[in-house]
Structures are given as C-alpha cells and as structure tokens.
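Please consider the structure shown below together with the numbered points that follow it. Each point takes up one part of the chain.

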Amino acid sequence: QDEDVMKSFLNAILEDETERITSVKFENVEIPRDFINQRGVTFDLHCTTQSGDSILIEMQNSCQDYFKTRANYYVYRLLDSKIEKGVEWNKMEKDIDRIIGIFILGEKMADFDKVLTCTAECDVETGKVFWDRHRKYFLTLPLFKLDAKNITTKDIWINLFKNLGRMENIHPSVVKRADEGLLRLIEKAKVGALSKDDRAVYERRSQIYGDPAVLKE
C-alpha cells in the first residue's frame with residue numbers, strides 16, 4: 001500500500017480522464033475467497049485531484065469467465081457501498097463521487113483488441129456519454145509491445161506489469177525514465193523475484209545498512 005506508487009500508476013493510466021491525482025487513500029483491501037487460487041486481488045482507492053474532486057477507484061487483477069459481468073458487479077458494488085440506505089434523492093446537494101474500475105487482464109479475452117479499453121454508459125445512437133459517474137478501464141497485458149524509442153509513462157507501467165516476476169525483461173530505458181513511485185515498485189519487484197537464499201542475503205544487508213550504529217562506523 002504505497003501512495004507514491006499508486007499515484008504514479010493512476011496518473012499514467014487515467015491521463016485522459018481527469019486532472020492529476022494528488023492523494024490516494026487505500027480502503028477495503030482484500031483477497032476475495034473465490035480468488036485465492038486465481039491470483040486475484042482487489043482494493044478500493046479514494047483519490048483526490050488537484051481541484052479537490054474525489055474519485056473512487058476499484059482495482060482488480062484477475063481474468064475469468066464472464067469477466068465483463070463481474071467487472072460491472074465490482075463497480076456497482078462499490079457504488080452501492082457509497083450511497084446511504086434510505087437516501088432522500090431530492091435532498092442530495094451533489095451527485096455521488098465518480099467511480100472508476102481498473103481491471104488488469106493477464107490473458108487476452110474476446111472483444112478486447114486493444115491494450116487499453118475504456119468503457120462508459122453512452123447513448124447507443126450518438127455515442128455521447130449519458131452518465132459520467134463511472135468508467136471501466138481494461139488493461140490487456142498480452143497485447144502490449146514496448147516501443148523503446150517512444151516510451152510514455154503509461155508504457156512504462158504496462159511494461160512493468162507485464163514483466164513482474166521476469167525483471168530481466170524490463171527494458172533499461174524504463175528504469176532511466178521511471179519516476180519515484182515506479183522506481184520503488186521496480187525495487188520491490190526485483191526483491192520479490194529473488195530466490196529464498198538471495199532474499200535472505202538482501203534482507204541482512206538492508207538491516208546492516210539501515211542500522212544507525214553501523215552507519216557511524
């Protein structure tokens with residue numbers, strides 16, 4: 001639960017969606033029971049933009065049958081949790097906070113033919129957004145190919161997610177262009193990819209260099 005890491009990721013993915021996100025608060029971090037054997041993870045984020053607007057974000061990392069239906073369930077479950085029961089609609093002073101679902105897919109699924117697919121509730125005839133309180137972003141990792149000559153922050157993040165656990169595949173230019181949040185995640189990913197013995201050595205060295213008594217010597 002690293003705020004700098006999440007701000008870097010969200011501002012990259014949502015660059016065309018909103019103002020820059022300046023703060024992130026983690027809520028309802030969980031691993032649902034039916035996800036345990038499917039490497040799933042879910043957590044809610046309450047974000048604030050530069051102008052003070054609030055955005056609620058539900059994130060999932062999974063790929064299952066009928067995933068479009070499940071994605072809608074996750075978003076509307078979050079919406080339901082943010083509306084008070086018995087609310088008197090005519091007394092509401094403002095609409096609900098915006099809700100954004102971000103879903104990271106490790107496998108290619110039907111109808112997802114782009115790296116990043118954004119959906120919204122639109123007028124069928126005109127395509128105009130009908131209700132702007134929610135969006136869903138689907139990030140399909142297998143479709144991503146890195147163009148080392150034209151790397152954006154979004155590309156860096158997608159490349160990193162695609163190669164987590166295979167850090168040797170991370171292009172050197174990614175590290176050179178990474179911001180503080182990305183560099184911290186890359187370091188964590190490298191540690192996570194170490195063997196049991198190598199990780200023990202890393203942790204011992206970290207304790208030594210982090211000990212003020214040792215630093216004084």
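1. F9 lies in helix α1; helices (H or I, at least four residues) and strands (E, at least two) are DSSP runs, numbered from the N terminus. F9 counts as buried because its relative accessibility is 1%; buried means under 20% relative accessible area, exposed over 50%, and partly exposed in between (1.4 Å probe, protein chains only). Although F9 and L182 are 173 residues apart along the chain, their C-alpha atoms are separated by 7.9 Å.

2. A word on the basis of these values is needed here. The model is predicted: local features need pLDDT of at least 70, side-chain atom pairs count only at pLDDT 80 or more, and totals for chains, interfaces and linings use all residues. Residues are numbered from 1 along each chain as its sequence is written, and side-chain values use heavy atoms, with hydrogens and water left out.

3. The protein chain has seven helices and six strands. Along the sequence they follow the pattern α-β-β-β-α-β-β-β-α-α-α-α-α. Of the 217 residues in the protein chain, 38% are buried.

4. Helix α1 is mostly covered, with nine of its 11 residues buried. These are V5, M6, K7, S8, F9, L10, N11, A12 and I13. L183 is found in helix α5 (residues 180–192), and it counts as partly exposed because its relative accessibility is 39%.

5. Which residues have the most contacts inside the largest nonpolar core? They are F9, L10, L14, L45, I57 and I102, in a core of 28 residues. A nonpolar core is a set of buried Ala, Val, Leu, Ile, Met, Phe, Trp, Tyr and Cys residues joined through side-chain atoms within 4.5 Å. Two or more residues of this core come from each of α1 (3–13), β1 (21–30), β2 (42–49), β3 (54–61), β4 (98–105), β6 (129–140) and α3 (153–162). Helix α1 gives the most, with six residues. Apart from this core lies another, of 15 residues, among them F67, A71, M109 and F138. In soluble globular proteins, nonpolar side chains tend to be buried together.

6. Helix α2 (residues 67–81) has 15 residues and, at 1.5 Å a residue, should span 21 Å; its end C-alpha atoms are 21 Å apart, which agrees. The expected span is 1.5 Å times one less than the number of residues in the helix. The buried residues of α2 are F67, A71, Y74, V75, L78 and L79. Seen down the axis of α2, these buried residues fall within an arc of 135°, so they line one face of the helix; the arc is that of the directions from the helix axis to the C-beta atoms.

7. Helix α3 is largely enclosed by the rest of the structure, because seven of its 10 residues are buried. They are K154, D155, I156, W157, I158, N159 and L160. I156 and L146 are 10 residues apart in sequence, and their C-alpha atoms are 8.3 Å apart in space. L146 is found in the loop between β6 and α3; at 26% relative accessibility, it counts as partly exposed.

8. D111 deserves a separate remark. Most residues other than glycine have a negative phi. D111, however, has a positive phi of about 75° although it is not a glycine. D111 lies in the loop between β4 and β5 (116–122). Is D111 buried or exposed? At 63% relative accessibility, D111 counts as exposed.
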